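Hi,

Here is the structure I said I would pass on to you. Have a look at it first, and then read my notes below.

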Amino acid sequence: MQMDGGTALLKALEFEGVEVVFGYPGGAIMPVYDSMVGGAGPRHVLVRHEQGAGHMASGYAHATGKPGVVMVTSGPAATNIVTPLADAYLDSVPIVAITGQVPYGLIGTDAFQETDTTGITMSITKHNYLVSDPNDIPQVVHEAFHIATHGRPGPVLIDLPKNITDARNPQSAMTWADPIAVDLPGFKPVLDGKPEDITAAVELMLAAKRPVLYAGGGILKARGADELRALAEKLNIPVVTTLMARGAMPDSHELNLGMPGMHGNYTAVMAMQEADLLIAMGSRFDDRVTGRLDSFAPDAKVVHVDIDPAELGKIRTPDVAIRGDAKRVMGQMLEEIGGSAPADHQAWRSTLSGWQENYPLAYEDAEPGAKLKPQMVLERLHALSPEDTIVASGVGQHQMWASQYWKFEKPYTWLNSGGLGTMGYSIPAAIGAKAGMPDQTVWAVDGDGCFQMTCQELITAAVEGIPIKVALLNNTYLGMVRQWQEMFYDNRLSEVDLSGPVPDYIKMSEAMGCVAIRVEDPDEVDAAIERANGINDRPVVIEFLTEPGENVYPMVPGGKSNSDVVVPPFQQKETAK
Amino acid sequence: MIKRSQLTQTHTIAALVENKAGVLARVAGLFARRGFNIESLAVAPTDERFSRITIVVDAESAPLDQIKKQLDKLIDVVDITELSIEDSALREMVLVRLELDDEAKVADVEALVEGFSGSVIRVRGAHMMLSLSSRPDDLDRFLDKLQPYGITALQRTGAIAIPGI
Ligand SMILES: Cc1ncc(C[n+]2csc(CCOP(=O)(O)OP(=O)(O)O)c2C)c(N)n1
């Protein structure tokens, strides 16, 4: 079939089953947008800033399990998606980015809106392409989706020079051929662990007296939540769920200790510290989890399972390294264990429950008349929202409180920017998730700093009919930075005050087509949330005026050992530390 | 003079890569981004589809295992082998230009070159151009010997290697 490259791109996206593209037009990508006139190709969501489109693609991908697609023009638009690409790269999210490029013959001439997009994104994509022949489009698109979704997922970018997409340019003429099976001799993900490694791992797992299953985001990528639970139950092994793995194991499960790391709860942090065996499953010993590395989990042997072999031994040398897909490897482990019983963990379990009793995640209630406690707001939000509610968070204190105080019962209900820590992630990510899962309630939990970075996407949500809800925890500060300044810089506050007095978040939200509610009084919290949950025809923003001085606890100070975890002041008197 | 071939402190890696646009930039970019130091890098196509790259890396800068695994993550990298100096065929070439202080020394240099099985490319008065293709440590010795004669320019290729039989 004869066609032009622009039409072929849309056809290729449909061939890959793409339902929605988050994008923004401009010069070099205009031919593709022209091909869309009349409704050809997948649904297009017109964003208000290209960064938003990138995070929407990510949010969509994480919530649905299908790759997200972002399409933008060259130059400034391509550089506007650098942040979401880096974000998706660090969090292993499968997205495919299509960027326009100046005509092939002009590349290298500093043409208008020319940037070296493949060069700029080389280190923040899993792979990228610069296409020169329109006949290659179906196969390149097919390969891009294959690479994005197989092995360790990640972003892939396709740069399309304008001359090969423009119907009016004879260079865009191509003959459509359905893509064939990919032939990539350098890309062969290994899914099953080696039997001898499985045996060695299971031996350690059965013998361990103080084991901890250190569950990471790789489990969700592998869609292995069921296997995680089965493995934990079979061996009676407590689980910690990293920031990227929240929801992989129900928080209500007695074996789930919750989040470890810098702002993890005391028991999860100390369990890893005191373990004699860590089973790292799709996790990567991130510095936010390990704290000071040379004193991290000093007595623990390590079984490390990851689909990316470069993670094995990168930070901590494992005793047993297994390259494979977390779901498949856990299946293999379960089979290997068969009817064998684990060692007795009675003493370990009672140590753990002792810690849980003495140092639960907790905060002090607000004094009468004082501002709202953010933790309380999140607890109420969770209690009053449907069980399958998806929560997307920004970056800062509110992110840590959301992870701590939301009780996740299902996988894929938690979206956040873990690796890059991208402020402004929540609103666009929530929109992407809602576009993919329209029947689920989607809340964005945001800080006032983050909100001001990407709130313009609420216009996208209103116009495109994607009714997300935003819980804006307004503490009038760049709270997380303020907390560090308080704790590590003698409270010398520097450029963290957002008290304004502008913007008026209510007027601002209303102007963008949202229902907006301000809550100052604890007694109004429930009613506001219930009202918001009842609105489904437009986005809603609730601005909660929260305690400006509230700090996130527990906390392992940067560069310190996890054993030096600081519990909240009101718990400190009881500690020996 | 800096010896570029302190072989004990380096690793030699042979990478078979797909001959795609930008593959060298991907490899070099990866080394830069991960803080791996390249001692030398040589690349050329082996056929229509593949190229072979020989990379000599500073062993101090990162564990070899990480370097190999990170390289292997590049989609265009098909295969990676670490090469031992003993077993593999490992060669490097050097081109040298000399300006002798005395034309009479040409014969001395010619004898020296012959001893290394190198070749004299051209002699013009007191100016000489030489080449030697051998093991990198041979090149070091060769250059050491030439040093007193007045080297005005030199270019080494960096090692190329293939696994032993
Ligand atoms: C794009 C970006 N810029 C800067 C930072 C550094 N940073 C991390 S948290 C934070 C403060 C966030 O403030 P806010 O959104 O109000 O949330 P809070 O911490 O108050 O809950 C800043 C500035 C970042 N993570 N991302």
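What follows is a short tour of the interfaces, the salt bridges and one histidine.

Please keep in mind that this is a predicted model.

Let me begin with the contact between the two chains. Chain B brings 20 residues to it and chain A brings 18 residues. Together they bury about 1500 Å², with 52% of that area on carbon and sulfur atoms. The interface holds 2 salt bridges, and 6 residue pairs are in polar contact there, both partners at pLDDT 80 or more. On the chain B side, α1 (23-34), α2 (64-73) and β4 (77-83) each give at least two residues. The biggest share comes from α2(B), with 6 residues. By class, the side of chain B that touches chain A has 11 charged residues, along with 6 nonpolar and 3 polar ones.

One of the salt bridges to look at here joins K73(B) to D308(A), with the closest N and O atoms 2.5 Å apart. K73(B) and D308(A) also belong to a salt-bridge network that takes in R152(A), E311(A) and K314(A).

Now to chain B by itself. Its domain assignment gives domain 1 (7-83) and domain 2 (89-162). For the contact, domain 1 of chain B supplies 10 residues and domain 2 of chain B supplies 9 residues. The C-alpha centres of these two domains lie 28 Å apart. Between them the domains bury about 620 Å², 72% of it on carbon and sulfur atoms. On the domain 1 side, β1 (10-18), β2 (38-45) and β3 (50-58) of chain B each supply at least two residues. That side of domain 1 divides into 6 nonpolar, 3 polar and 1 charged residue. How many salt bridges are there between domain 1 of chain B and domain 2 of chain B? The count is 0, and 1 residue pair is in polar contact across this interface, both residues at pLDDT 80 or more.

Over all chains, the structure holds 32 salt bridges.

- E464(A) pairs with R43(A), the closest N and O atoms being 3.6 Å apart. This pair links distant parts of the chain, with E464(A) in helix α19 (residues 457-464) and R43(A) in strand β3 (residues 43-46), 421 residues apart. E464(A) counts as partly exposed because its relative accessibility is 22%, and R43(A) is partly exposed at 37%.
- E550(A) meets K373(A) at 2.8 Å, N to O. These two are 177 residues apart and both sit in loops, E550(A) between β20 (540-545) and α23 (569-572), K373(A) between α14 (346-358) and α15 (374-384). E550(A) and K373(A) are both buried.
- E18(B) meets K20(B) at 3.8 Å, N to O. E18(B) is buried, with a relative accessible area of 3%, whereas K20(B) is partly exposed at 32%.

Last, the histidine. H253(A) lies in the loop between β10 (239-241) and β11 (256-258) of chain A. Is H253(A) buried or exposed? Its relative accessibility is 12%, so H253(A) counts as buried, the cut-off being under 20%. A polar atom of the H253(A) side chain lies 3.0 Å from the backbone nitrogen of L255(A). Leaving aside residues up to four places away in sequence, H253(A) touches R229(A) and E233(A).

Happy browsing, and do write back with any questions.

Best wishes

Note on methods: Residues numbered from 1 in each chain as written. Chains lettered and ligands numbered in written order. Predicted model: local features only at pLDDT ≥ 70, side-chain atom pairs only at ≥ 80, totals over all residues. Heavy atoms only, no water. Domains from an automatic or database assignment. Contact = heavy atoms within 4.5 Å. Buried area = accessible area lost by both parts, 1.4 Å probe. Salt bridge = Lys/Arg side-chain N within 4 Å of Asp/Glu carboxyl O. Polar contact = N/O pair within 3.5 Å; in protein donor to acceptor, adjacent residues only side chain to side chain. Helix = DSSP H or I, 4+ residues; strand = E, 2+ residues; numbered from the N terminus. Nonpolar A, V, L, I, M, F, W, Y, C, P; charged D, E, K, R; others polar. Buried < 20%, exposed > 50% of the residue type's maximum accessible area, 1.4 Å probe, protein only.
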